[in-house]
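This report goes through one protein model, part by part. Please keep the sequence and the 3D view at hand while reading.

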Amino acid sequence: VAQDFGMRVLLNDLPREEKEGNITFTSLEKIAEECDIITFHVPLYKEGKYKTFHLADELFFRSLKRSPIIINTSRGELVDSKALIAALESRSIAGAGLDTIDGEPVKSDNPLLQTSEEAGRKLLFSCHIGGITRASFSRGYAMILEAIEKVSRGEIPDNIVG
């Protein structure tokens, strides 16, 4: 979609690059140097060859050359919240759009929620709704109906929380 709007798109995907070769992929370092918008769309791996936990950490933010906008639609722990706040305050980044944040479930004292434009912080939050589809709603309604039927028969429903 970004290419359809005339944007130059750089891709970094180490597992795919390993399988497909380095024909269409670029390094994270080059992305940090050249991009005005950096988006994250990866699974969370806390360790291993393709570790993504705190992929956007203090070192990453210090390597940025263009004060980009950061967008995370993956997992909260991809972006180190403390490093993100420091990058916003130092204006290493122009702003951030976060669909999810480090440390979920989010508590009211989370430093990311204590933001203000006066402090140089430009944050946009959205709810993480990747799993909300017609199929998930249909399955959810079916589960509710199954639970109601079991209760009406005097049975204990599956998936009791509490």
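Rings of Phe, Tyr and Trp (its six-membered ring) count as a pair if their centres lie within 6.5 Å; planes under 30 degrees apart are called stacked, over 60 edge-to-face, and the rest tilted. The model is predicted, with local features needing pLDDT of at least 70 and side-chain atom pairs counting only at pLDDT 80 or more, while totals for chains, interfaces and linings use all residues. Residues are numbered from 1 along each chain as its sequence is written, and side-chain values use heavy atoms, with hydrogens and water left out.

**Aromatic rings**

A search of the whole structure gives 2 aromatic pairs. Phe 40 and Phe 60 form an edge-to-face pair, with 5.9 Å between the centres and 65 degrees between the planes. This pair joins distant parts of the chain: Phe 40 belongs to strand 1 (residues 37-40) and Phe 60 to helix 3 (residues 58-63), 20 residues apart. Helices (H or I, at least four residues) and strands (E, at least two) are DSSP runs, numbered from the N terminus. Phe 60 also forms an edge-to-face pair with Phe 61, at 5.4 Å centre to centre and 70 degrees between the planes.

Are Phe 40 and Phe 60 buried or exposed? Both are buried, where buried means under 20% relative accessible area, exposed over 50%, and partly exposed in between (1.4 Å probe, protein chains only). Phe 60 counts as buried because its relative accessible area is 5%. Phe 61 is buried as well, because its relative accessibility is 4%.

**Strands**

Strand 1 and strand 2 (residues 69-72) pair in the parallel sense over 4 bridges; two strands pair if DSSP finds at least two bridges between them. Thr 39 has Ile 71 of strand 2 as its bridge partner. In a regular strand the side chains alternate between the two faces of the sheet. Strand 2 has Ile 70 and Asn 72 on a covered face, and Ile 69 and Ile 71 on an uncovered one.

**Pockets**

On a 1 Å grid over the protein atoms alone, a pocket is an open set of points with protein on both sides within 12 Å along at least five of seven lines; lining residues have an atom within 4 Å of a point. Grid points are joined across faces, edges and corners, and a volume is the space filled by probe spheres set on the points. In the table, Ala, Val, Leu, Ile, Met, Phe, Trp, Tyr, Cys and Pro are nonpolar, Asp, Glu, Lys and Arg are charged, and the others, Gly among them, are polar.

| Pocket | Volume | Lining residues by class |
|---|---|---|
| Largest pocket | About 980 Å³ | 20 nonpolar, 4 polar, 7 charged |
| Second largest pocket | About 150 Å³ | 5 nonpolar, 1 polar, 2 charged |

The largest pocket has 31 lining residues, and Leu 10, Leu 11, Asn 12, Ile 31 and Thr 39 lie nearest its centre. Strand 1 gives the most to this lining, with 4 residues. The lining of the second largest pocket includes Leu 28, Glu 29 and Phe 60. Helix 2 and helix 3 each supply at least two residues of that lining.

**Backbone angles**

Most residues other than glycine have a negative phi. His 54, not a glycine, has a positive phi of about 50 degrees and is found in the loop between strand 1 and helix 3.

Conventions:
On a 1 Å grid over the protein atoms alone, a cavity is a set of points where a 1.4 Å probe fits but cannot get out, and a pocket is an open set with protein on both sides within 12 Å along at least five of seven lines; lining residues have an atom within 4 Å of a point.
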